[in-house]
Number of protein chains: 2
Amino acid sequence: MAESATSKVSEAPRTAVGRDGVLDIAARLFREQGYGTVSLRKIAEAAGIKAGSIYYHFGSKDEIVAAVLDVGIHVVHENMRQAVSALPKDTGAETILRAAIGAHLRALLDLSDYTSANVRIFGQVPQSVRDANLPTRRAYEAEWDTLLSRLQDEGALRGDVDIRRLRLMLIGALNATLDWFDPGRGSAEALSRTYADVFLNGILERQDT
Amino acid sequence: MAESATSKVSEAPRTAVGRDGVLDIAARLFREQGYGTVSLRKIAEAAGIKAGSIYYHFGSKDEIVAAVLDVGIHVVHENMRQAVSALPKDTGAETILRAAIGAHLRALLDLSDYTSANVRIFGQVPQSVRDANLPTRRAYEAEWDTLLSRLQDEGALRGDVDIRRLRLMLIGALNATLDWFDPGRGSAEALSRTYADVFLNGILERQDT
DNA sequence: ACGCCTAACTAACAGTTGTTAGGTTGTTGC
DNA sequence: GCAACAACCTAACAACTGTTAGTTAGGCGT
């Protein structure tokens, strides 16, 4: 045969997609289309490989989606933790809350397909996968509860709503933005400010000035 | 689990399930398990009939889910509209908003599998089905926008947030309760009050009495 | 030059999906 | 008693699902 060294290099993308590449694409598809309608063949096609090849990197579809879910929480957790701990020690409650809200919203809407995929598909995945993601989730929830409790003990937060419910309301409201947020219509930053305004002070017009 | 109605449990359900019966069960399953994982055979089995029989009542799976989505919005829309219009004419802004929030939350958490199914599966359904549901949706959204605009014009609502965003935030936050609300842990009524408190006045502790 | 490792491929499997065509009931009107 | 109809059933279809087994191809260290 003729020289094989140079003749065939042009066609196929010889750079391996790899485990991380598959995971990235899976996260994106899950975020865009949900869990049930995204098949391994769709993921494979988007990655430029064949369905069977995925099993070199993952043992099952559950394993893929479990990995996506875990990474999603880790990203938003780390983002929120750093945003809060980067503030000076004497920062006021309002500023702290604004930072936490902003960090969560940024991870969700700007930063990570993994985080947005988590929020979108958590309710659609098999229960075993959900259970596997629960510890990671609870760690992030605990981070919020700790923060909110501290502020409530300081007297900065109203005392008539228990922390768990407050956290569920807050994160639930932020996550809901995923259903309608359009980056072409406004920035996540601006949205973050509005959410903080409303959550901190309410939507009623106040008489005091 | 399914037998409940008559004392005559002998063999076959003499009473026809009918179109409405299938739709009821579809709504419940969609709410519980999402769109993609609920097959026609699951619906049929839960209804006590065979999969093929569904096609006597509906032309396709899309037709079923489209019907569920439409009913879901109609229920919550009617519920909210009546709750607000039942109030005396001189009712204050705060009371009106509390009534609207309560009506939405009640339809979602207590009243209707159709409404909760709509919220849960809207993002998972084929785009053609979503598009078919859009007009119904927009009518409900317009109801909210009208209400919020009126209150804002009266000076009862803060003026620095535009109505569309305010509505998206509000309904999004309420709908998010579906992911964690547990009827055994608290009533929808109590939850409704908390949501109104927080949304109207914010979560910060205030100095004024 | 050799063997190993990584990353892919092909081809098939058993099961499930939405859907269709044609057949079988039970009830009702006449 | 018979026809008409509504509500269901049976059986199959093509397409798609996750998954497995066995194979191939290139790069690296020795």
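1. Let's start with the area hidden between the two protein chains: chain B and chain A bury about 3,800 Å² between them, and 60% of that is on carbon and sulfur atoms. Buried area here is the accessible area (1.4 Å probe) that two parts lose on being put together, summed over both. On chain B's side, B:R158, B:I203 and B:L204 supply 20% of the area this chain buries against chain A, more than any other three residues.

2. Before you go on, keep in mind that this is a predicted model: local features need pLDDT of at least 70, side-chain atom pairs count only at pLDDT 80 or more, and totals for chains, interfaces and linings use all residues. Residues are numbered from 1 along each chain as its sequence is written, chains are lettered from A and ligands numbered from 1 in the order in which they are written, and side-chain values use heavy atoms, with hydrogens and water left out.

3. Who takes part in the contact (heavy atoms within 4.5 Å)? Chain B gives 36 residues and chain A gives 37 residues. You'll find 16 residue pairs in polar contact between the chains, both residues at pLDDT 80 or more. A polar contact is a pair of N or O atoms within 3.5 Å; within protein, one must be able to donate a hydrogen and the other to accept it, and residues adjacent in sequence count only if both atoms are side-chain atoms.

4. Now look at the side of chain B that touches chain A. The elements giving two or more residues to it are α5 (93-111), α8 (163-176) and α9 (188-201) of chain B, helices being DSSP runs (H or I, at least four residues) numbered from the N terminus. The largest share, nine residues, comes from α9(B).

5. Next, the DNA. Of the 18 residues around DNA strand C (a heavy atom within 4 Å of it), A:V17, A:K50, A:S53, A:Y56 and B:Y55 come nearest.

6. Finally, confidence. The model scores ipTM 0.90 and pTM 0.91. Chain A has a mean pLDDT (the predictor's confidence in each residue, from 0 to 100) of 91, with 92% of its residues at 70 or more. Over residues 1-13 of chain A, though, the pLDDT is below 50.

Definitions and conventions. Contact = heavy atoms within 4.5 Å.
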